Amino acid sequence: MSENGEANTTTSPTATNSADDARQELSVQLEDLLNTLSNKFAGVSSEIFAKMDEMSRRLDNLESQIMAGKEKPNGPA
């Protein structure tokens, strides 16, 4: 029984180290994944805002053209 107790004591720190290493590796991989997703989300958000700004400018230009067309007097009839 003392041999089993010693074997368990010897195996336990190794198993604990392996489990800790696995957890640490998983944590690093998850952190990398979250950073990647965060960067992609930021990029997509920037693209969406840029497209919305462009659409807003185009609508403003269209509105200006429509208003300028209404203000022009029609030519001789």
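Biologist: Which side chains meet Glu-54 or Arg-57 in a salt bridge, and how do I read such a feature?

Modeller: Side chains of opposite charge can pair when their charged atoms come close. A salt bridge here is a side-chain nitrogen of Lys or Arg within 4 Å of a carboxyl oxygen of Asp or Glu. In this model, Glu-54 and Arg-57 form one with each other, at 3.1 Å from N to O. Keep in mind that this is a predicted model, where local features need pLDDT of at least 70, side-chain atom pairs count only at pLDDT 80 or more, and totals for chains, interfaces and linings use all residues. Residues are numbered from 1 along each chain as its sequence is written, and side-chain values use heavy atoms, with hydrogens and water left out.

Biologist: Where do Glu-54 and Arg-57 lie?

Modeller: Helices (H or I, at least four residues) and strands (E, at least two) are DSSP runs, numbered from the N terminus. Both residues sit in helix H1, 3 residues apart, about one turn of the helix. The protein has 1 helix and 0 strands.

Biologist: How many salt bridges does the structure hold?

Modeller: There are 2. Asp-20 and Arg-23 also pair, at 3.1 Å from N to O. They lie 3 residues apart in helix H1 (residues 2-71), about one turn of the helix. Asp-20 is partly exposed at 36%, whereas Arg-23 counts as exposed because its relative accessible area is 54%.

Biologist: Which residues make the nonpolar surface patch?

Modeller: Patches take residues with over 30% relative accessible area and no salt bridge, joining like charges within 9 Å and nonpolar side chains (Val, Leu, Ile, Met, Phe, Trp, Tyr) within 5 Å. Here Leu-26, Leu-30, Leu-33, Leu-34 and Leu-37 make a patch of about 480 Å². Leu-34, in helix H1, is exposed at 56%.

Biologist: What does the UniProt annotation cover?

Modeller: UniProt positions follow the numbering used here, feature names are shortened, and annotations may be inferred rather than shown by experiment. The unreviewed UniProt entry annotates residues 45-72 as "coiled-coil region". In the model that span is 96% helix and 0% strand, with its end C-alpha atoms 41 Å apart.

Terms used
Buried means under 20% relative accessible area, exposed over 50%, partly exposed in between (1.4 Å probe, protein chains only). Accessible areas come from the Shrake-Rupley method with a 1.4 Å probe; for residues, only the protein chains shown count as cover.
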